[in-house]
Structures are given as structure tokens and as C-alpha cells.
Amino acid sequence: MLLSLVLADILHYIKILIIGDIYLKLKCKNKKKIKIFQTIIIIMVASGLMHLTEDWLWGFLCYVLAIIISLIVIYDERKIKLAITGIWIIIVISLLDVMSRVMINTIFSIFNINNIGLNEISVSLLSLTIVYITGLLIKRKKGLSGIKNIYFVCFTVLEAVDMIVLMVLADFVINTVQLENKFTYSLVFILMIIGVFIQLIAVIRLMVSRNEHKEKEIIIKRYLNEQKAHYEYLEQREYETRKFRHDLKSHMHMLQNFSKNKDYEKFDKYLELINIKVDDFANRISVNNDIVDAIINKYYTEANKNNIKMKVEGHFPRQCNISAYDLCTIFSNLLNNALEAADKSDRKEINVSCRYNDEDIIIIISNYYSGEVKYVDGHLRTSKKNARIHGFGLENVEDCVENNGGYIKINNESNIFSVTILLKNLQEEAK
């Protein structure tokens, strides 16, 4: 009996870890597998004490505390965040367990099964299956991260209401319905419970889809702003060019006067000013792609303002089948990160290279950096304060690379951070 209850609590803890990893994408500490083994032992001890003690409230509080401590051991997040997150997960899973118990009790009542240990394990296995399958259906690298807290509250309230309704109906089906009608009513009730589970899964998927749409909308707005800035830049450059051409005869006349008067010092200084102006007109960088040109020129201007040397070479193919959305995501995130890292480095340099062949487009962006690059489970960890928002730049890039059948390689050696991206430049039908 006790063993069955402890096993059910371990399954309960595994559900918490699944939500932490797949749904909330909490950052794990190193040696995660060893820490999970250690925390399972903690949960087993806490579970045994909870079921053996006569004061169930004290035992339950000890069990909750053991779960929170276990989360702190495994995840590299703020302790207050893990405490709040842990309590929320426990509430959600407990509500799900209650609904699962209603379904299992209904099934057991049909077949007259009366085994408490088997009941507890069946309940935990059913809710574990639901949690895991829902996680697979999300199919999103960032899980539920970035979703507003109000939606989590609304989902919890919805789950609580569903639980209350099912408990009321379960009492009617199991205890009130006559024996000859029990099987029919029980079967209908089980189907209704399945419908409730599907509803909860659909709500989670809707929350994820809404957030994905919002993120894409932000990228599209950024893309439109980049295009607008690019055209404004071209318009201003054309205006400045016309102004310069209008005064060109006057400038040549001044040079002739300096030459006739043999005032070569003023001649050289004036000629140098003209050359600087001409160089400014020639500073526009082009890689043969409008959206990439807009983004690169924007960051090139910012780099110059911060005394960062930015070198760009190569160009895109004339026929580029990569969407403007993906190109904007890739270059905006990588160049923004490179600019911030180079600005903090002693050697302020950024290199951008674009190449292509018959099927592939290769992008290489590298920069010097100071400090340490942190990896967690093979993934880069952001050093920015608001990691919940800023930690997804590179993940968005990885999504775009994956959408285009390519791959991404990251190197950081000798204080040079380099990102190499290969994209398949295929026709839309072939993607």
C-alpha cells in the first residue's frame, strides 16, 4: 500500500519535471541527470513521511517543500520564481489528478475493482500520459514561456471549474444511477471526461498559437520598419547626392583658384573634404538583397557610431527563395547580439560573410567578445537580465534555419564568437 502511494508521488514529481522542461522551458543546471536521481530520493522520503504521519496537513506541506527544494536543485532560475512556479504546477497537476481519479473511479466502479494502490498508480499514469502527450502536441521550443501570467490564471480557474463539475456528476453516476443503467451512464460520463481533457489540451494549444502569432507579428513589424528605414535612408542619400552634384561646379572652381594661386595647402585640405563627402556616399553596403541590405546598413551605421569596425563581404544569389521574415529574424538577432558583444570587447570588430552555391546560402557572422559564453545542456544561455524575453533570439534563428532545411554551427574560440548558418535556397514547392 505505502509503496504504491510513494510510486504515485514519484510519478507526480515526474509530471512536474515534464511541465518544467517541455512546457515552461526552465533552465537546467549542469549534471541534470544526477540531480534528478538525488531529488527523487528526496521526494520518496517526503512522500513516505506524508503518508505515515497522522497530521496530513503537516505531511503535505513537507511534500510541497520537498518539491520546491528539488526544483531549486535542478533548475538554474531565481528561487522565488521556482517557488511560485512549483506551487502553480502542483495546483495544476493536483486538479488534473482529481479529474483523472474521477475517470479511473468510474471505470473501476464498472468492473467492481476495489484496490487503492492500483487506483493511485492508475490515476498518476493517466495524468502523466495526458501531460506528456500535450507536451508533444505543443511542439514548440520555447514551450509556454513568454505567455502572460493572466492566461495561466485563467487556465487554472478553467481546470478547477471542470474538476468541480466532474466531481458532482461523478457522484450522480456512481452512487445515484440504477444498476441497470450504470454502464451506459458511466460510458457517457467517461467520454465526457475525455472531452474535458481535450478541451484543456486545446486551450493550451490556443495559448501557444496566440503567442506564436504575436511573436511573428513583432518580427513582421520589425521587417516593415527595417524596409521603411532603408527607403528613407536611400531617399536621404539621393537628396544629399543631388545637393552635392548641384555644388560640384563651385567646388571645382574653388580647387582651380587654389591651384592658380599655388595655395597647395588649402587645395589639399579642400580636396580631402570632398573625398570624405564622396566616401560617405559610397558607404552604402549591398549584398544583393533588399531586406538584408536594410538590416546590415542599419547596424553598420550603429557600429560606426560606437567605433566598431564592421566588415561585410560576399552577396546573395539573384534568386533568393528565403522568406523576408526569416532573413529579418536571422540578421536582426545575430547582428544585434554581435553589436552588443563587440561593444563590450577590447577588440571592436564584426565580420559578415554571405556566400552561395547552386542550392545553399551560407551566412557567417563573427565578432570578438569579452567574458565567458555560458552553455546549458548544449544551448547558449543569455547573459541579459530579462532572460525570459531575451533568451529567445538565437532560438528564433534556429527555428528559421530549421524551416529552411539548413543547420547552424556556433564556435567560440580565442574570444571570437562565430555563427555559421547554411540555408537551403530551394523553390517554395520543394521546401
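Predicted model: local features only at pLDDT ≥ 70, side-chain atom pairs only at ≥ 80, totals over all residues.
Residues are numbered from 1 along each chain as its sequence is written, and side-chain values use heavy atoms, with hydrogens and water left out. Here is a short tour, grouped by topic.

**The second largest pocket**

- This pocket has a volume of about 400 Å³; a pocket is an open set of points on a 1 Å grid over the protein atoms alone, with protein on both sides within 12 Å along at least five of seven lines, and lining residues have an atom within 4 Å of a point.
- Helices α1 (2–23), α2 (32–52), α3 (56–74), α4 and α5 each supply at least two residues of its lining; helices here are DSSP runs (H or I, at least four residues), numbered from the N terminus.
- The lining of the second largest pocket divides into eight nonpolar, four polar and five charged residues, where Ala, Val, Leu, Ile, Met, Phe, Trp, Tyr, Cys and Pro count as nonpolar, Asp, Glu, Lys and Arg as charged, and the others, Gly among them, as polar.

**The enclosed cavity**

- Searching the whole structure turns up one cavity of 30 Å³ or more; a cavity is a set of grid points where a 1.4 Å probe fits but cannot get out.
- About 230 Å³ of space lies in the largest cavity, a volume being the space filled by probe spheres set on the points, which are joined across faces, edges and corners.
- Of the 18 residues that line the largest cavity, Y23, V92, L96, F155 and I204 are the closest to its centre.
- Two or more lining residues come from each of α1, α4 (79–110), α5 (116–138), α6 and α7, and α7 gives the most, with five residues.
- By class, the lining of the largest cavity has 16 nonpolar, one polar and one charged residues.

- I150, V153, V157, V161, V165, L169 and M192 form a nonpolar surface patch with about 550 Å² of accessible area together; areas come from the Shrake-Rupley method with a 1.4 Å probe, and for residues only the protein chains shown count as cover.
- Patch members have over 30% relative accessible area and no salt bridge, and nonpolar side chains (Val, Leu, Ile, Met, Phe, Trp, Tyr) are joined within 5 Å; a salt bridge is a side-chain nitrogen of Lys or Arg within 4 Å of a carboxyl oxygen of Asp or Glu.
- Helix α6 (residues 149–176) provides the largest share of the patch, six residues, and I150 lies in this helix.
- K228 lies in helix α7 (residues 179–246) and counts as exposed at 51% relative accessibility; exposed means over 50%, buried under 20% and partly exposed in between.
- The C-alpha atoms of K228 and A294 are separated by 8.8 Å, although these residues are 66 apart along the chain.

**Positive phi and a buried helix**

- N112, in the loop between α4 and α5, has a positive phi near 55° without being a glycine, and is exposed with a relative accessible area of 70%.
- K262, in the loop between α8 (248–260) and α9 (264–281), is not a glycine but has a positive phi of about 55°; at 62% relative accessibility, K262 is exposed.
- In helix α13 (residues 393–403), the buried residues include G393, L394, N396, V397, E398, C400 and V401, and just after α13, G405 takes a positive phi of about 65°.

Key:
Patch = residues over 30% accessible without salt bridge, like charges linked within 9 Å, V, L, I, M, F, W, Y side chains within 5 Å. Buried < 20%, exposed > 50% of the residue type's maximum accessible area, 1.4 Å probe, protein only.
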